[in-house]
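Hi,

Here is the structure I promised to send over. Have a look at it first, and then read on for what I found.

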Amino acid sequence: MDLSALVIPLLLAGTALYGLWRKVDIYHALAAGAENGLTVLVRILPTLVCLLTAVSMLRASGALEWLTGLCSPVLNILGIPPETMPLMLIRPVSGSGALAVGSELIERFGPDSYLGRVVAVMLGSSETTFYTVAVYFGAAGIRRIRHTIPAALTADFMGFFASALAVRLFFGGI
């Protein structure tokens with residue numbers, strides 16, 4: 001048995017021992033964490049279902065393929081796989097929706113394919129722009145966000161571009 005197979009069990013055992021040492025009720029903490037996780041799931045599930053339905057409707061209607069075909073020449077010039085268009089459209093709106101679309105792309109093309117790697121890097125190098133702006137600006141009481149959204153969407157696009165470039169440079173191109 002190699003060391004990598006022991007990492008997770010050792011991490012869990014170490015966390016439990018640390019909790020015992022700090023006199024924390026570990027079972028209660030675990031149950032509270034599971035309850036919070038289920039609460040989050042119940043809260044995001046309707047949004048996720050709506051977004052996945054919208055993406056499915058766009059695909060079924062042909063609108064997504066039309067938009068992908070329209071943008072393909074530019075995306076190809078920039079080195080961004082056109083198949084990532086649904087991910088690039090959903091990522092600024094919803095992280096869970098983008099994860100679902102990314103999972104579907106990785107399942108269809110494979111995790112070790114060029115496109116699968118680009119999708120994985122895109123998911124890690126972009127942000128759910130509208131959610132972030134709404135939460136953080138709302139918490140800080142900022143009302144004037146005129147330049148924020150275009151700047152953030154530009155940063156997202158640059159993250160998508162840099163993702164495709166990084167995968168091409170480190171793992172080889174198409």
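This is a predicted model: local features need pLDDT of at least 70, side-chain atom pairs count only at pLDDT 80 or more; totals for chains, interfaces and linings use all residues.

**Notes on the helices and a few residues**

C71 lies in helix 3, residues 63-78 (helices here are DSSP runs of H or I, at least four residues, and strands are runs of E, at least two, all numbered from the N terminus). From the C-alpha atom of C71 to that of L153 the separation is 17 Å, and the two residues are 82 apart along the chain.

Numbering starts from 1 along each chain as its sequence is written, and side-chain values use heavy atoms, with hydrogens and water left out.

**Helix pairs**

Let's start with helix 5 (residues 95-109) and helix 6 (residues 114-124), whose axes come within 8 Å and cross at roughly 165 degrees. (Axes are lines fitted to C-alpha atoms, for helices over the stretch in contact, and angles run from 0 to 180 degrees between N-to-C directions.) That angle makes helix 5 roughly antiparallel to helix 6; the classes are roughly parallel under 35 degrees, roughly antiparallel over 145, roughly perpendicular from 65 to 115, and oblique for the rest. The crossing of helix 5 and helix 6 is left-handed, a term for the near helix being turned anticlockwise from the far one by less than a right angle, with clockwise giving right-handed.

Which residues of helix 5 and helix 6 meet? On the helix 5 side they are A98, L99, G102, L105, I106 and F109, and on the helix 6 side L115, G116, V119, A120 and L123, where contact means heavy atoms within 4.5 Å. Sorted by class, this contact of helix 5 with helix 6 has nine nonpolar, two polar and no charged residues. For the classes, Ala, Val, Leu, Ile, Met, Phe, Trp, Tyr, Cys and Pro count as nonpolar, Asp, Glu, Lys and Arg as charged, and the others, Gly among them, as polar.

Helix 6 also packs against helix 8: their axes come within 9 Å and cross at roughly 135 degrees. That makes helix 6 oblique to helix 8, and the crossing is right-handed. Y114, R117, V118, V121 and M122 of helix 6 make the contact with F160, S163, A164, V167, R168 and F171 of helix 8. The class count for helix 6 with helix 8 is eight nonpolar, one polar and two charged residues.

Then there is helix 7 with helix 8 (residues 148-171), where the axes come within 10 Å and cross at roughly 140 degrees. Helix 7 is therefore oblique to helix 8, and their crossing is right-handed. T129, F130, V133 and F137 in helix 7 meet T148, I149, A152, L153 and D156 in helix 8. By class, that contact of helix 7 with helix 8 has six nonpolar, two polar and one charged residues.

**Two threonines in a row**

T129 sits in helix 7, which covers residues 129-140. Is T129 buried or exposed? At 3% relative accessibility it counts as buried. The T129 side chain makes a polar contact of 2.3 Å with the side chain of D156. (A polar contact is a pair of N or O atoms within 3.5 Å; within protein, one must be able to donate a hydrogen and the other to accept it, and residues adjacent in sequence count only if both atoms are side-chain atoms.) Leaving out residues up to four places away in sequence, T129 touches P92, A152, L153 and D156.

T128 lies in the loop between helix 6 and helix 7 and counts as buried, at 9% relative accessibility. Its side chain is joined to that of E127 by a polar contact of 3.1 Å. With the residues up to four places away in sequence again not counted, T128 touches R91, P92, S94 and G95.

**Two more spots**

K23 is in the loop between helix 1 (7-21) and helix 2 (26-61), and at 74% relative accessibility K23 counts as exposed. Most residues other than glycine have a negative phi. Phi of K23, however, is positive, near 60 degrees.

V49 is found in helix 2 and counts as partly exposed, at 45% relative accessibility.

Cheers

Conventions
Buried means under 20% relative accessible area, exposed over 50%, partly exposed in between (1.4 Å probe, protein chains only).
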